[in-house]
Amino acid sequence: MSDSNGRIPVSIITGFLGAGKSTLLNRILKDPAMKDAAVIINEFGEVGIDHMLVEASNDSIVELADGCLCCTVRGELVDTLAELIDGIQTGRLKRLSRVVIETTGLADPAPVMQSVIGHPALAQSFDLDGVVTVVDMVHGLSTLDTYPEAVRQVAVADRLVLTKASLADPAAREALLERLRMLNPLSEMTDGDTAEVGTAAILANGLYDPTSKIADVDRWLKDEARADHDHHHHGHDHDHHHAHDPHCEQCDHEGHTPDRDGHHHEHHHHDHGHDVNRHDDRIRSYSIVHDRPIEPMALDMFIDILRSSQGEKLLRMKAVVALTDRPNQPLVLHGVQSVFHPPVRLPAWPDPEDRRTRLVLITRDLDESYVRELFDAFTGRPQIDRPDRLALEDNPLAIPGMKM
Ligand SMILES: Nc1nc2c(ncn2[C@@H]2O[C@H](COP(=O)(O)OP(=O)(O)OP(=O)(O)O)[C@@H](O)[C@H]2O)c(=O)[nH]1
């Protein structure tokens with residue numbers, strides 16, 4: 001299926017960190033109508049986890065990791081869309097029924113949308129057929145109060161999918177609904193628990209129309225168009241494969257640092273000093289990779305301390321963990337601020353060659369060394385200058401940064 005112009009419909013799924021974008025996408029991908037769709041997923045951090053968790057029967061999944069679609073890997077999005085068209089034109093790819101782009105939770109959707117509707121070549125081949133924004137009813141209100149990206153994600157939506165209703169306090173739910181209506185009076189609102197949400201139909205929202213949104217939306221898109229124009233006009237032509245956004249003046253990529261006790265930590269500092277409306281530079285993404293299976297009790301205690309002492313600063317944690325019991329069936333953990341969702345066991349490692357535990361964290365004002373030392377205290381050998389697990393269990397005062 002393509003639209004009446006022969007252009008391929010593109011849907012964007014956005015929503016703040018941990019709202020339920022991948023869960024929604026996984027449900028939609030089970031719809032047979034998605035058989036000929038291509039999916040572009042994007043996540044922060046050098047250690048991708050999402051691609052391991054997308055249960056797709058189609059093989060047209062492109063993962064753009066280690067960056068954010070609205071800035072550092074925006075060029076790669078444009079390249080990927082161009083390659084899809086090239087593939088179709090040269091017969092390497094079958095005709096696509098739809099392209100679905102899942103953004104990171106921190107993405108400003110306007111530049112992503114502008115990449116589809118404002119790019120002279122891509123606009124010939126694609127139509128933006130709707131933005132679906134997932135809103136977590138537990139954290140939605142506080143997120144809208146704190147993160148301008150979340151406000152934009154809601155304001156641009158054609159459809160809001162409301163998740164985690166059963167976990168949310170009823171009074172907070174009402175206040176959130178009111179806020180959503182103010183930010184986006186005309187959007188469809190869909191309860192994330194309904195069967196309708198798991199179908200391709202929720203992605204088809206008609207040709208994107210900014211005039212049906214609050215006035216800011218049209219302005220944001222025009223600002224993006226202007227920035228793109230100025231950029232080209234000044235002749236800065238970046239090599240997009242280096243994943244540097246024209247707007248991004250300061251990217252700080254740190255490498256991989258194996259440490260002395262055999263852990264392999266990888267971290268990507270997401271320092272974007274370019275635009276306060278994009279990412280707050282107090283937000284950091286880093287990863288911990290660990291070679292040996294972990295005792296379930298040690299993992300529980302690590303999570304418990306992290307969640308209870310640093311919940312608000314822990315915007316997101318995703319982990320695939322090898323436990324000492326059933327190390328061949330990794331445990332998948334999702335933390336969203338202080339809420340940790342029930343963990344799920346995978347039947348097997350997605351890549352049997354790589355059975356290492358991986359944790360990806362996105363934090364705000366939470367020192368990487370604190371998290372790393374806490375993890376090491378429960379999983380590694382105690383070191384002279386680090387708290388060990390016994391000390392932490394016996395004496396919570398010993399936990400660095402722990403608030404009483
Ligand atoms: N109870 C409940 N949990 C949900 C719902 N939707 C998603 N979750 C859980 O929320 C956690 C995060 O879901 P994801 O789909 O990974 O969220 P995401 O928005 O893709 O996360 P990021 O890509 O990190 O921004 C997972 O443990 C999901 O099972 C829902 O409607 N109800």
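A residue counts as near a molecule here if its C-beta atom, placed from the backbone, lies within 6 Å of it. With that in hand, let's start at the ligand: of the 18 residues around it, Gly 20, Thr 23, Gly 105, His 334 and His 341 come nearest. Keep in mind that you're looking at a predicted model, in which local features need pLDDT of at least 70, side-chain atom pairs count only at pLDDT 80 or more, and totals for chains, interfaces and linings use all residues. Residues are numbered from 1 along each chain as its sequence is written.

Who builds that shell? Helices (H or I, at least four residues) and strands (E, at least two) are DSSP runs, numbered from the N terminus. Helix H1 (21–29) and strand E12 (331–336) each give at least two residues to the shell around the ligand, and H1 has the largest share, with three residues. By class, the shell holds five nonpolar, ten polar and three charged residues; here Ala, Val, Leu, Ile, Met, Phe, Trp, Tyr, Cys and Pro count as nonpolar, Asp, Glu, Lys and Arg as charged, and the others, Gly among them, as polar.

Now for the record. An unreviewed UniProt entry annotates residues 283–379 as "domain: CobW C-terminal"; such annotations may be inferred rather than shown by experiment, feature names are shortened, and positions are given in the numbering used here. In the model, this span is 28% helix and 35% strand, and its end C-alpha atoms lie 26 Å apart.

Next, a pair of helices. Helix H8 (residues 170–183) has 14 residues and reaches 20 Å from its first C-alpha to its last, close to the 20 Å expected at 1.5 Å a residue (1.5 Å times one less than the number of residues). Leu 176, Leu 180 and Leu 183 of H8 are buried, meaning that 20 or more other C-beta atoms lie within 10 Å of a residue's own; with 12 or fewer a residue is exposed, and in between it is partly exposed. Seen down the axis of H8, the buried residues fall within an arc of 65°, so they line one face of the helix; the arc is that of the directions from the helix axis to the C-beta atoms. An α-helix has 3.6 residues a turn, so residues three or four places apart point the same way. On the other side of H8, Pro 170, Ala 171, Glu 174, Glu 178 and Met 182 are exposed. Helix H7 (residues 148–155), in turn, is mostly covered, with seven of its eight residues buried. Those include Glu 149 and Arg 152 as well as Val 151 and Val 154.

Let's finish in the loops. Arg 326 isn't a glycine, yet it has a positive phi of about 50°. You'll find Arg 326 in the loop between strand E11 (314–321) and E12, where it is exposed, with 12 other C-beta atoms within 10 Å. Asp 365, also not a glycine, has a positive phi of about 60°. Asp 365 sits in the loop between strand E15 (357–364) and helix H11 (368–379) and counts as exposed, with 11 C-beta neighbours inside 10 Å. Thr 103, in the loop between strand E4 (98–102) and helix H4 (109–117), is buried, with 28 other C-beta atoms within 10 Å.
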